[in-house]
Amino acid sequence: MINSKVYFVKTGGGSVYTFRNDSLQRIDQSFDHKMQWQANFFAHEGRIFAYGGYGFWSVREFFIYFDEALREWELFNPNPMEEKGPAIFGGYFLKSGDDFYVCDGFTINPLNRDEKLNNYAVWHFSFKNNHWTYLGKSSADFHRASKAVNWPFSHNDKLYMLNTNHIEVIEIKNNRRILYKHGMFSTTAIGDDVKIFADQNKFIIVRNENDRIKIESIDANLFLETKSQKVNFIRTAAGG
C-alpha cells in the first residue's frame, strides 16, 4: 500500500495491478519474466521495491523498483564499489524507515546450481547511506520443517512469526528474539492457507475456508500471551 493505494505484484515479478473503479487493472507495460520468485516486495519513498528472488538457476542480489510514470521496472543501483548484498530468495525481511533487514531464506551453491542452501545470515541495507552491512548469523532456526511456520509479518518495527509451539517476536534493531506462548486468538491463525497483516493496532487474519475468504480483525494487544523466553537474535556476530 502506497499513499492509501493498494498494489498487487505478480509472484515471479513483472506484472503490477491496482484497483480502479472497483476492478483489478494492470498498470505496467513490462512482462512476466519469472526471474524473481520469492523476492521481498515492499514500499519505499512512494515506490514499490523488490529485492532478491530466484529464476533460471540463479538468485538476484540487487534492488529494483517500479516507476509508475514509465510503467516499467528499473534497477536501483547502490554504491557499486562497496560490498554487494546477499543473493537470497524466500527470505524474511523488515523495512523500517531507511533501514532494510533481510534474513533466513535460501541461496544456491555457485558450484552446483541445482543445490539449494539454507541462509542463516542477517544483513542490513541503509537507503540513507546506500550501504550493505553483514550483521552475523541468526539464532532462530527458521528451516526446521516441523515448526509449520506461517509467512511472517511486521508490526511496529518487529517481525512476527507463528509456529506450532509459540510465537516469535524479533526485534532486529535491538538484537532481541522474544518467545511468547500461544493465546486463544493466535492458535487459530496457524496454517499454510492463512496470511496475517498489521493495520495500525489491529492484526488482520485472512484465511481460505472451503474456497471462501474469511477475514478477521484482532486487537494486537490480545494476540500475545505470556513471555516464555528472551534471547539474542544474532547468534554469531559479524566476523565471528
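Me: With which residue does Glu 209 form a salt bridge?

Reply: This is a predicted model, in which local features need pLDDT of at least 70 and side-chain atom pairs count only at pLDDT 80 or more, whereas totals for chains, interfaces and linings use all residues. Residues are numbered from 1 along each chain as its sequence is written, and side-chain values use heavy atoms, leaving out hydrogens and water. A salt bridge here is a side-chain nitrogen of Lys or Arg within 4 Å of a carboxyl oxygen of Asp or Glu. With its closest N and O atoms 3.7 Å apart, the pair formed by Glu 209 meets that rule, and the partner is Arg 207.

Me: Is Arg 207 buried or exposed?

Reply: The classes are buried (under 20% relative accessible area), exposed (over 50%) and partly exposed in between, computed with a 1.4 Å probe and protein chains only. Glu 209, at 36%, is partly exposed. The relative accessible area of Arg 207 is 8%, so this residue is buried.

Me: What is the N to O distance in the salt bridge between Arg 207 and Glu 216?

Reply: Side chains of opposite charge can pair when their charged atoms come close. Glu 216 counts as partly exposed, because its relative accessibility is 26%. The side chains of Arg 207 and Glu 216 meet in a salt bridge whose N to O distance is 2.3 Å.

Me: In what order do the strands of the open sheet lie?

Reply: Strands are DSSP runs of E with at least two residues, numbered from the N terminus, and two of them pair if DSSP finds at least two bridges between them. The open sheet has 3 strands with antiparallel pairing, and its edge strands, each pairing on one side only, are β20 (194-199) and β22 (212-219). The order is therefore β20-β21-β22.

Me: How many bridges join β21 to β22?

Reply: β20 and β21 (residues 202-209) pair in the antiparallel sense over 6 bridges, with Ala 198 standing opposite Phe 203 in β21. On the β22 side, Val 206 stands opposite Ile 215, and the bridge partner of Ile 204 is Ser 217. β21 and β22 run antiparallel, and the number of bridges joining them is 8.

Me: Which residue has a positive phi in the turn between β21 and β22?

Reply: β20 and β21 form a hairpin with 2 residues between them, and Gln 200 in that turn has a positive phi of about 55°. β21 and β22 also form a hairpin with 2 residues between them, where the residue with a positive phi, about 55°, is Asn 210.

Me: Where in the chain does Lys 173, the partner of Asp 99, lie?

Reply: Asp 99 forms a salt bridge with Lys 173, the closest N and O atoms being 3.6 Å apart. The pair links distant parts of the chain, 74 residues apart, with Asp 99 in strand β11 (residues 99-103). Lys 173 is partly exposed at 43% relative accessible area, and its place is the loop between β18 (167-171) and β19 (176-180).

Methods: Helix = DSSP H or I, 4+ residues; strand = E, 2+ residues; numbered from the N terminus.
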